[in-house]
Amino acid sequence: MLILGIETSCDETAVAIVEDGKRILSNVVASQVEIHSRYGGVVPEVASRQHLLQIIPTLEQALLEANATWEKIDAIAVTYGPGLVGALMVGVNIAKAIAFAMEIPLYGINHLEGHIYSAWLDDSDPAQSPGFPLICLIASGGHTDLLLMEDHGSYSLLGMTKDDAAGESFDKAARVLGLGYPGGPAIQKVSELLDKADFTESLPRAWMRGSFDFSFSGLKTALLNKARDYGVSYDSPENDAPDQEIITQLASAFQESVVDVLTKKSLDALSETRAKGIILGGGVTANARLREQLRESAVGIPLFIPPPRLCVDNGAMIAAAAYFNSLRRPADVLSLDVIPSLRLG
Ligand code: KG4
Ligand code: ZN
């Protein structure tokens, strides 16, 4: 079964063609990062317009790279939430038009479920080995959710962020340190300049004891205060050449705090629920330090950590999730609407 997956919930116009929820035939992502970086973050209206401009060329490229024609596509999958309303509407509208014109089924997919199904792409099948239940950590620009996945399509939310999402906190921290947008890759890059043994700075961790919830806004404030103490302030013109060593130290300390909390909470959730493995998804799980620390700490625990290009937003994960949806439920009607605040679990 060939499914064409469309993802336009935020700032990537993405289209992929996936066979049987596993084999990626094409996975094209038209990134808007350069445009939004001028504003220091995603501007919703700019994102919608870029999707409008990019969606047809991205669809054509996905078909070309998969060596497929429209007649070979069995179903259309599209993110219908959560995300930016105008951005979601571009994807959902084109998906409906294709489903209508080609008379093929349409599957509206929860973006968060999409991130989880990146773990099924290529050679893994966590449902077979180790089997359910599984812990899912979704850490992205808009979400930090810990879920228990008891079966395909069956999720319970164990914890979520009470304030900023992990990716949002990386983006805000990078802005404080003058490292640009998106913040996650920028903070990772400067942190790699330093060995752990050379860390001199440390920032707090919000453990939110007794729950699987997260909080990152206190960490952001602590970083801001330390940065000001050291005279690192991109708001005041007299400080236009801050000490690079301080910036590297603060970036590393920030990254360590976020990584420690994400790692420990995921492992605690696994032991408390007696789940059999951990699936990672969302842009923050592309972070090299998080991936390394989890691999080091989760000895003997099956981990599903998609390659970085499948951790960030893409169409393949939407097509993969749709395949497993198609095995258990009917397709959606063509009156499908977007749900910007859609939840999972
Ligand atoms: O999943 P995603 O591509 O889009 C959303 O659904 O939000 O996640 C984007 C977020 C951004 O906040 C970005 O800074 C963060 O993921 N991110 C990273 C890394 N790559 C992307 N955070 C930490 N380390 C990275 N290497
Ligand atoms: Zn995402």
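**Shell of ligand 1**

Helix 4 (111-117), helix 5 (166-176) and helix 6 (183-191) each supply at least two residues of the shell; helices (H or I, at least four residues) and strands (E, at least two) are DSSP runs numbered from the N terminus. With four residues, helix 6 gives the most to this shell.

I noted 20 residues around ligand 1, the closest being Gly-141, Asp-171, Gln-188, Gly-283 and Asn-287; a residue is near a molecule if one of its heavy atoms lies within 4 Å of it. By class, the shell holds six nonpolar, 12 polar and two charged residues (Ala, Val, Leu, Ile, Met, Phe, Trp, Tyr, Cys and Pro count as nonpolar, Asp, Glu, Lys and Arg as charged, and the others, Gly among them, as polar).

**Contacts and burial**

I listed polar contacts, meaning pairs of N or O atoms within 3.5 Å. A polar side-chain atom of Asp-171 lies 2.7 Å from an oxygen atom of ligand 1. A polar backbone atom of Gly-141 is 2.8 Å from a ligand oxygen, and for a backbone N or O atom of Gly-283 the distance to a ligand oxygen is 2.9 Å. Taken alone, ligand 1 exposes 550 Å², of which the protein buries 89% (Shrake-Rupley method, 1.4 Å probe).

**Backbone points**

I checked the loop between helix 4 and strand 6 (134-139), where Pro-130 has its place. The peptide bond from Ser-129 to Pro-130 is cis, with omega near 10°. Pro-133 is found in the loop between helix 4 and strand 6 as well, and a cis peptide bond with omega of about 0° joins Phe-132 to Pro-133.

Asp-20 lies in the loop between strand 2 (12-19) and strand 3 (23-31).

**Conventions**

Residues are numbered from 1 along each chain as its sequence is written, chains are lettered from A and ligands numbered from 1 in the order in which they are written. In this predicted model local features need pLDDT of at least 70, side-chain atom pairs count only at pLDDT 80 or more, and totals for chains, interfaces and linings use all residues, while side-chain values use heavy atoms, with hydrogens and water left out.

Key. A polar contact is a pair of N or O atoms within 3.5 Å; within protein, one must be able to donate a hydrogen and the other to accept it, and residues adjacent in sequence count only if both atoms are side-chain atoms.
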